[in-house]
Amino acid sequence: MAVFPPPPLDADAPMLTASDYQPPRWLRNPHLQSMLSSSRMRLQRGLLLLAATGAVSEELILDGGEGVRLQGWHSHVEGREPRGIALLLHGWEGSAESSYMRMAAARMLEQGFDVVRLNFRDHGNTHHLNPGIFHSNLIDEVVHAAGDVAQRWPDLPLVAAGYSLGGNFVLRLALRAPAAGVPLQHVAAVCPVLDPGLTMENIENGPAMYDWYFRRKWAGSLRRKRDLFPELSDCDDRVLNMDIRSLTAWLVERHTTFGSLQAYFDGYSIAGNRLSTLQVPADILMAQDDPVIPYATFRDWQLPQQARLETACWGGHCGFLENWRGDGFSERWVAQRLRRVLPG
């Protein structure tokens, strides 16, 4: 099967901006963008593009601190000295094998990076690695894992990128990196979750397919966790059939120390001025028509000088598809932003 690779990034080309994203008219529907972004077609496209780089992917078990183990996949081109190391973070109920993760990895490899695609706890096939259930405030273990990556490649500049919840995580990683001694040089985030409470309301009140999609995948993940750890007997079928807000409240009350849903949401919110002390340079890409994360939350976002937000008219939620093959503008944009740390 022909791969039809997208054109390589030209080092001398002008910097891409959100206004450069001009999809064909048939691709300007936000729901079509969002659905196609996680379709089998695009999953296969990502697999083909990553394979076309000639990279070999090997499993890493990264140290998340306090006995936590997180899985990563290290992709590298044999016989080539890498110019940098890129850590990629997926969205909620995505994985290291999500289409955008593979496509971003292919783009970063093209620029001379080695890439580590991280699986959050209980994502991908990693439910067996840790007894505790994943939740969105487990940022410390991701910071620790990023430090492990930096220690394995101490002579390479470290960058990171994330999509959706992974975009939220990557910005919190950047916020904490200096104090944690992680030498992170630059991050990029695509459609990051800002205000989790408003995002949940958007999912609840929006088209039913989004609530169905996330709830189905989350319930399946919790079912796998329960089968591996019988002590999670409170995660019975009655719980798994709850709506997404009730299921989140169950998680918060039974498996975190936050005490309330609002305290839990506040714990990983990056809205308002929560990134005001950010020191690591950050680039953020958002779509005005995102049907999952309300764009209104971005209008009053207070960012420091070294963080830049760009908004495209189209793109849906982590879509930004450019053609019928599923090539992605956001992956090109991420690679172009992050390659600026490379020498020369």
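Predicted model: local features only at pLDDT ≥ 70, side-chain atom pairs only at ≥ 80, totals over all residues.
H2 and helix H3 are roughly parallel to each other, because their axes cross at roughly 25 degrees, and angles under 35 degrees count as roughly parallel, over 145 as roughly antiparallel, 65 to 115 as roughly perpendicular and the rest as oblique. Residues are numbered from 1 along each chain as its sequence is written, and side-chain values use heavy atoms, with hydrogens and water left out.

Helices (H or I, at least four residues) and strands (E, at least two) are DSSP runs, numbered from the N terminus. The axes, which are lines fitted to C-alpha atoms, for helices over the stretch in contact, with angles running from 0 to 180 degrees between N-to-C directions, come within 8 Å for H2 and H3 (residues 99-110). H2 passes H3 in a left-handed crossing, the term for a near helix turned anticlockwise from the far one by less than a right angle, with right-handed meaning clockwise. On the H2 side the contact (heavy atoms within 4.5 Å) is made by Arg42, Leu43, Arg45, Gly46, Leu47, Leu49 and Leu50, and on the H3 side by Ser99, Tyr100, Arg102, Met103, Ala105, Ala106 and Leu109. By class, these residues of H2 and H3 comprise nine nonpolar, two polar and three charged, where Ala, Val, Leu, Ile, Met, Phe, Trp, Tyr, Cys and Pro count as nonpolar, Asp, Glu, Lys and Arg as charged, and the others, Gly among them, as polar.

Let me stay with one residue of that contact. Leaving aside neighbours within four places in sequence, the residues in contact with Arg42 include Leu36, Ser37, Gly319, Leu321 and Asp327.

Within H1 (residues 30-37), Pro30, Gln33, Ser34, Leu36 and Ser37 are buried, and what covers them includes H2, H3 and helix H7 (208-228). At the start of H1, the backbone nitrogen of His31 has a side-chain oxygen of Asn29 within 2.8 Å. Leu36 and Gly319 are 283 residues apart along the chain, yet their C-alpha atoms are separated by 7.4 Å.

Now to the loop between strand E4 (113-118) and helix H4 (139-152), where Asn125 is found. Asn125 counts as exposed, at 56% relative accessibility, and its side chain is joined to that of Arg224 by a polar contact of 3.1 Å. In the loop between E4 and H4 we also have Asn119, which is buried, with a relative accessible area of 3%. Which side chain does that of Asn119 meet in a polar contact? The partner is Gln71, at 2.8 Å, and the Asn119 side chain also reaches the backbone nitrogen of Ala96 at 2.9 Å.

Next, two backbone details. Most residues other than glycine have a negative phi. Ser164, in the loop between strand E5 (158-163) and helix H5 (165-180), has a positive phi of about 60 degrees and is buried, with a relative accessible area of 12%. Cys191, in the loop between strand E6 (184-190) and helix H6 (196-205), also has a positive phi, near 50 degrees, and counts as buried at 0% relative accessibility.

Finally, H4 and H5 pack at an angle of about 65 degrees, with their axes 9 Å apart, in a right-handed crossing. Ile139, Val142, Val143 and Ala146 of H4 make this contact with Phe169, Arg172, Leu173, Arg176 and Ala180 of H5, giving seven nonpolar, no polar and two charged residues.

Notes:
Buried < 20%, exposed > 50% of the residue type's maximum accessible area, 1.4 Å probe, protein only. Polar contact = N/O pair within 3.5 Å; in protein donor to acceptor, adjacent residues only side chain to side chain.
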